[in-house]
Amino acid sequence: MLQEQEVHAAEMERTFIAIKPDGVQRGLIAEIISRFERKGFKLVAIKIVVPSKGFAQKHYHDLKERPFFNGLCDFLSSGPVVAMVWEGEGVIKYGRKLIGATDPQKSEPGTIRGDLAIVVGRNIIHGSDGPETAKDEIKLWFKPEELVSYSSNAEKWIYGVN
Ligand code: UDP
Ligand code: MG
């Protein structure tokens, strides 16, 4: 039988979150990080980078047939992006909930986009939309050695596991 701690470890997942150039320029880095941090998710990688247009095209390759693809890639590569990996139980799906709907007009108040953005083309944050995308995006943005595994003292209070 699995020990409680092993179950806890097995349920841990990671997601890729990026603060786009509009979020960085608007001074929303700390605000966005704090929403993930206060929830109890754990930051395991972070860096600030200006992605090339080619890199942005790779990141958004799934959307290459969409009319906004070129503008979107121009925008993502137009300035600094804060790239992060967050870890926690259910972080992929719940991260998307914290972020809110793609179109900020449809995002609920209380979500990042609902509270802090107005239009879809400037919705300030990206989050992986599922386990496969999370894995691919983490691999695209980070080298394995840039991911830091550590345990935090808060975990036993967040998850109730000793
Ligand atoms: N986007 C846009 N116009 C649209 C739909 C999307 O400019 O009509 C942009 C928007 O910035 C969005 C990004 O393209 O965040 C990626 O689109 P996706 O459908 O993957 O939304 P997300 O996963 O970011 O919510
Ligand atoms: Mg998406």
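User: Is K42 buried or exposed?
Analyst: This is a predicted model, in which local features need pLDDT of at least 70 and side-chain atom pairs count only at pLDDT 80 or more, while totals for chains, interfaces and linings use all residues. Residues are numbered from 1 along each chain as its sequence is written, chains are lettered from A and ligands numbered from 1 in the order in which they are written, and side-chain values use heavy atoms, with hydrogens and water left out. K42 counts as buried, because its relative accessibility is 10%, and buried means under 20% relative accessible area, with exposed over 50% and partly exposed in between, using a 1.4 Å probe and protein chains only.

User: Where is K42 found, and what does K42 touch?
Analyst: K42 is found in strand β2, residues 42–49; strands (E, at least two residues) and helices (H or I, at least four) are DSSP runs, numbered from the N terminus. Not counting residues up to four places away in sequence, K42 touches V85, W86, E87, Y150, S151, S152 and E155, where contact means heavy atoms within 4.5 Å.

User: How many residues apart along the chain are K42 and V91?
Analyst: They are 49 residues apart along the chain, and their C-alpha atoms are separated by 9.5 Å.

User: OK, V91 then: which residues of helix α6 are buried?
Analyst: In helix α6, residues 91–99, the buried residues are V91, I92, G95, L98 and I99. Seen down the axis of α6, these buried residues fall within an arc of 120°, so they line one face of the helix; the arc is that of the directions from the helix axis to the C-beta atoms.

User: What do those buried residues pack against, and which exposed residues sit on the face turned away?
Analyst: The buried residues of α6 pack against β1, α3 (29–39), β3 (81–89), α7 (112–116), β4 and α8, whereas the face turned away from the buried side carries the exposed residues K93 and K97. After α6 comes G100, whose phi is positive, near 95°.

User: You mentioned β1. What is T15 in contact with?
Analyst: T15 has its place in strand β1, residues 12–19, and is buried, with a relative accessible area of 1%. Leaving aside neighbours within four places in sequence, T15 is in contact with M84, V85, W86, V91, I92, S128, A134 and I138.

User: New topic: how many aromatic pairs are there?
Analyst: The structure holds 5 aromatic pairs, a pair being rings of Phe, Tyr or Trp (its six-membered ring) whose centres lie within 6.5 Å, with planes under 30 degrees apart counted as stacked, over 60 as edge-to-face and the rest as tilted. The rings of F36 and F41 have their centres 6.5 Å apart and their planes at 45°, so this pair is tilted. Both F36 and F41 are buried, and one aromatic cluster is formed by F16, F55, W141 and F142.

User: And where is I124, and what is its phi?
Analyst: I124 lies in the loop between α7 and β4, and its phi is near 60°, a positive value in a residue other than glycine. I124 is also buried, with a relative accessible area of 0%.
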